[in-house]
Amino acid sequence: MDIRLESVSHHYGETEVLRDISLDIPAGQIVCLVGPSGCGKSTLLRFIGGLERPSSGRVLQLGEAPEGCLNPLTFVFQDFALLPWRSVCGNVSLVLEDHGIRGNRAKAIIEDVLTRTKLSDFADALPKQLSGGMKQRVAIARALAVNPAVMLMDEPLSALDSQTRELLMDDLVSLWNRQPFTAVYVTHNLAEAVRLGHTIVVLSRRPGKIREIVTIDTPIEDRRPGDPVCQRKHDLLWDLMREEARAADEELIDG
Amino acid sequence: MADTGLSRNTNTAGPMEVRFRGGGFAPKSRRWVGVLVFVVLIALIQWGTESGWISALTLPKPTDVLATFGELWQSGLLFKHLQPSLTRLAVGAAIGASAGIAIGILIGLFSYVRAGLVPLVAAIFPIPKIALLPLFVIWFGIDEGSKYALIAFGTFTPTVVATYGAVDNVDRSLIRMGQSFGLSWLSIVRKIVLPGAMPGILSGLRISLAIAIILLVAAEMLGAEYGIGAYILEAGALYDLERLFAGVVILSLLGVIVSASIGMIERRVLGWRT
């Protein structure tokens, strides 16, 4: 299933946030959205996931979601959004219960996704007992449980310290290798973008427009920190963003 | 320069341990202090009444109150008074609290209900419910009905306010998460909003139930033969301080028991809180 954005624009009251964004997100690829803070990249992600409606333009699903997909467009949030009163296992089963999946079927799915995210030993732990990295792995396990057609990741690693971030990036790469998934990955961290993105979409500061689309041909499993190709792409992206980021930083926040 | 001179002076004074200044402002559990305060206070009153600088008209002797309490127990009157009071408290508070939680949740969930009922609740909250007792007697009869109504009404408003506040405070990002996984409206309410509002609802109940105990005495002002409230009011009318205090102590104990049981429920149900 592909996703197509057709000239999406958005205003919050008087403030123009996004201007005329047209973009194709092909199946099986990770598309990273980068841009200075306040450029509307998270808003764009919420449009794709149907949590908000753009002022104009359309978000289209091309083709049917694959068989057995419970929730085609599935988010992974920056703040994890785990229910603190449910165990790891309960947090995953939450998203299955509404689809009538209970008992042994649910158990099998939960076991599978917890194994894939290396959480099997923590099934009965409460979120308050987990570190940030583990919490995000639970959120990823929960997302995998509904077998999504497209994963919408909203700065999933931004709340974590840099070591944990490295580890989780490795986890994401190995997850993708085992079973390539489609993802839209919003981040302000260029290192994450060049590590995980097949395509990197650079947005300008508010009102957000597409400035540049950068593709990286190195397969993501072969990318290493300090890899010359990735480093060149990283520098290119930073050159594109430097001035914008500075200007965005000096803007007043209104409303 | 003055600065360097100063620093040189302190340097010659040799190494000095950094003064600790991060203490306090961190409440710790010190259970026995509470008991100690009670014991000291009661001992003081006992000594005062015995030596005579507290007159018998001001305060009764704690030992006399205890004796009265013993009589009450032995004659079986204690349970004769306690039983109807506890029934009134339980029925009234149950009606008031469950209605309050239900309305509070509706206010929290629906904008129209909120717009319609929040001003109404604000209007009835400050009414001293005792003032309405004669009215309740006309509406619900002089028997148990008016007593249930008074206690229910008194617990209702604080419960409503606490509940809709608690629903408002449920983490919006969790609700968003529920929506993003395609959970039904009912599932979101049942599995996200209600458990998320639980801490606020329980702390609201603490206040509501204390108010229920206050109103118990008021409810028994009219047409009650038995009941802790009736007992206290009768003792007050006769200026029988021992009995008055025995009754007051029962109410205090009731309050402590209610508060402790809510504490227990909180520890059981809200173990997930950090």
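Me: How do I read accessibility for a side chain: is Trp139(B) buried or exposed?
Reply: Look at the relative accessible area, where under 20% is buried, over 50% is exposed and in between is partly exposed (1.4 Å probe, protein chains only). Trp139(B) has 56% and is exposed, while Phe140(B), at 43%, counts as partly exposed. Keep in mind that this is a predicted model: local features need pLDDT of at least 70, side-chain atom pairs count only at pLDDT 80 or more, and totals for chains, interfaces and linings use all residues. Side-chain values use heavy atoms, without hydrogens and water, residues are numbered from 1 along each chain as its sequence is written, and chains are lettered from A and ligands numbered from 1 in the order in which they are written.

Me: How many aromatic pairs are there over all chains?
Reply: Rings of Phe, Tyr and Trp (its six-membered ring) pair if their centres lie within 6.5 Å; planes under 30 degrees apart are stacked, over 60 edge-to-face, and the rest tilted. Over all chains, the search finds nine such pairs. One of them joins Trp73(B) and Phe79(B), edge-to-face, with 5.6 Å from centre to centre and 65° between the planes. Another edge-to-face pair is Trp139(B) with Phe140(B), at 6.1 Å and 80°. Ring pairs also link Trp139(B) and Phe140(B) with Phe136(B) and Phe153(B) in a cluster.

Me: Now a helix: how many residues of helix H1 of chain A are buried?
Reply: Helices (H or I, at least four residues) and strands (E, at least two) are DSSP runs, numbered from the N terminus. H1, residues 41-49 of chain A, is mostly covered, with nine of its nine residues buried. Among the buried residues are Lys41(A), Arg46(A) and Phe47(A). After H1(A) comes Gly50(A), with a positive phi near 75°.

Me: And salt bridges: which residue does Arg46(A) meet in one?
Reply: Side chains of opposite charge can pair when their charged atoms come close. The cut-off is a side-chain nitrogen of Lys or Arg within 4 Å of a carboxyl oxygen of Asp or Glu. Arg46(A) meets Glu52(A), at 2.5 Å from N to O, and Glu52(A) is buried, with 18% relative accessible area. Arg165(A) and Glu192(A) form another salt bridge, at 3.8 Å. Arg165(A) lies in helix H5 (residues 162-178) of chain A and Glu192(A) in helix H6 (residues 190-196) of chain A, so this pair ties together parts 27 residues apart in sequence. Both Arg165(A) and Glu192(A) are buried.

Me: How many residues of chain A are in contact with chain B?
Reply: Taking contact as heavy atoms within 4.5 Å, 25 residues of chain A touch 19 of chain B. The buried area, meaning accessible area (1.4 Å probe) that two parts lose on being put together, summed over both, is about 1,900 Å², 65% of it on carbon and sulfur atoms. On the chain A side, Trp85(A), Asp98(A) and Lys128(A) lose the most area to chain B, together 34% of what that side buries.

Me: How many salt bridges run between chain A and chain B?
Reply: The count is two. In one of these, Lys191(B) pairs with Asp98(A), the closest N and O atoms being 3.6 Å apart. A network of salt bridges links Lys191(B) and Asp98(A) with Arg86(A) and Glu97(A).
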